[in-house]
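The following questions and answers examine how the terms of structural description apply to one model. Please read them alongside the sequence and the structure.

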Amino acid sequence: KHIMHIKNLTRLSVIEMPYGDLNWGPDPKHIRAGIYSDIQLWDKYRELNDYHLCGIYNKAGVPVQTQRITYQPNEKEEIYLTLTRQLSDAVYQSLSSGSALLLTGGYCKDAVAVCGGIQRYLGTDKRVGIIYLDAHSDMSTPEVTTTGILGGMDVAAILGKTLPTWCNVAGLSTPYSDELVLLSDFRESSVNDDGALPLVQSSKLCWLKTNEFNDPHKWRESVFALANKVDALYLHIDGDILARPYAPNAACVADGGPSIFTVMDNIRTVMQTGKVLVYGSYGFYFDTDISGQDSLTLSGLRTVSAGLDAWKQMPVL
């Protein structure tokens with residue numbers, strides 16, 4: 001058990017990622033080599049605008065510094081690698097200032113850059129846990145994928161199971177430990193696991209299914225068990241963890257799942273550990289013709305606000 005060293009939050013950095021990633025990834029038919037990515041600057045009125053309109057970044061009650069990633073082309077790199085490098089740099093710089101860090105606007109693939117930036121800041125000797133709230137495991141690889149979605153491969157990359165070039169660009173020199181990952185609820189395991197289920201089952205991560213996520217005692221026990229093993233936590237939420245009414249236009253919406261109120265309560269529980277260093281909120285905007293964005297934006301407002309309101313302490317490292 002690690003002795004908890006915590007301090008009160010005194011400042012918050014916010015990094016906004018305005019770029020989409022629909023259809024980024026490998027070809028599941030293996031006809032086209034490599035990883036494909038393009039620039040999708042989703043700059044219409046979106047959830048980030050409402051976050052500013054409602055002033056939710058101030059919910060933490062500390063001074064806030066906000067920056068937005070602006071793609072800087074690198075002709076030698078695929079776009080996803082360049083954005084990964086830029087985001088990792090921004091994460092590293094924000095943490096180096098002593099701030100707690102919130103990520104908004106992005107998608108699950110950004111977790112690779114975030115975990116790389118965390119490792120660059122902390123070094124490889126610290127124990128960093130990941131609490132991963134998602135209807136999917138994101139443990140697929142180019143070899144097993146049925147969807148070809150890069151955002152379904154970030155956990156596998158972070159754990160050193162695939163895509164080493166992506167990790168190297170992120171500054172992720174040492175894989176994170178699967179024993180320090182709490183995944184919930186991965187309910188798509190019973191519908192379309194994207195080839196990831198055997199990888200999840202053969203790993204040592206803690207997988208809580210929906211009924212366990214919905215049990216506040218089981219959730220609290222699992223969260224604090226992980227928190228007691230680590231120096232810092234990265235809390236990651238994908239909007240599609242939510243039941244369909246709360247995320248109706250999410251790109252990979254899955255049947256079932258918890259209510260927004262359960263998710264808000266469970267985020268608060270994670271914040272109460274005092275170990276959260278970085279909070280990433282992803283997948284709360286989609287620039288598509290599917291209706292329901294207002295509901296998804298409200299879910300983003302609620303989850304970010306609930307987390308910031310409860311985020312009173314952070315690890316001293």
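Predicted model: local features only at pLDDT ≥ 70, side-chain atom pairs only at ≥ 80, totals over all residues.

Q: Why are S6 and S7 called paired strands?
A: Strands are DSSP runs of E with at least two residues, helices are runs of H or I with at least four, and both are numbered from the N terminus. Two strands pair if DSSP finds at least two bridges between them.

Q: What makes S3 and S7 edge strands?
A: The open sheet has 8 strands in the order S3-S2-S4-S9-S8-S5-S6-S7, with parallel pairing. S3 and strand S7 (206-207) each have a single partner strand, so one side of each lacks a neighbour in the sheet.

Q: How do you know that helix H2 packs on the sheet, and at what angle to S2 does the helix run?
A: Contact means heavy atoms within 4.5 Å. Helix H2 (residues 79-96) touches strand S2 (12-16), S3, strand S4 (100-104) and strand S9 (276-282). The direction of H2 makes about 170 degrees with that of S2. Axes are lines fitted to C-alpha atoms, for helices over the stretch in contact, and angles run from 0 to 180 degrees between N-to-C directions. H9, in turn, lies across strand S5 (128-134), strand S8 (232-238) and S9, and runs at about 170 degrees to S8.

Q: Why is S2 described as largely enclosed?
A: Buried means under 20% relative accessible area, exposed means over 50%, and partly exposed lies in between (1.4 Å probe, protein chains only). In S2, 5 of the 5 residues are buried, so the rest of the structure largely encloses this strand. Leu12, Val14 and Glu16 point one way, Ser13 and Ile15 the other way, and all are buried. S2 is joined to S3 by 5 bridges, and the two run parallel; Ile15 stands opposite Gln67 in S3.

Q: Why is the contact between Asp265 and Arg268 called a salt bridge?
A: A salt bridge requires a side-chain nitrogen of Lys or Arg within 4 Å of a carboxyl oxygen of Asp or Glu. The N to O distance for Asp265 and Arg268 is 2.8 Å, so the pair qualifies. Both residues lie in helix H9 (residues 260-271), 3 residues apart, about one turn of the helix. Asp265 has a relative accessible area of 42% and Arg268 one of 28%, so each is partly exposed.

Q: How many salt bridges does this rule give?
A: The count comes to 12. One of them joins Asp110 to Lys109, with the closest N and O atoms 2.5 Å apart; both of these residues are buried.

Q: What makes Tyr51 and Tyr57 an aromatic pair, and which geometry do their planes have?
A: Rings of Phe, Tyr and Trp (its six-membered ring) pair if their centres lie within 6.5 Å; planes under 30 degrees apart count as stacked, over 60 as edge-to-face and the rest as tilted. The search of the whole structure finds 10 aromatic pairs. The Tyr51 and Tyr57 centres are 6.2 Å apart, with 75 degrees between the planes, and the pair is therefore edge-to-face. Both tyrosines are buried. Elsewhere, ring pairs link Trp42, Tyr107, Tyr285 and Phe286 into a cluster.

Notes:
Residues numbered from 1 in each chain as written. Heavy atoms only, no water.
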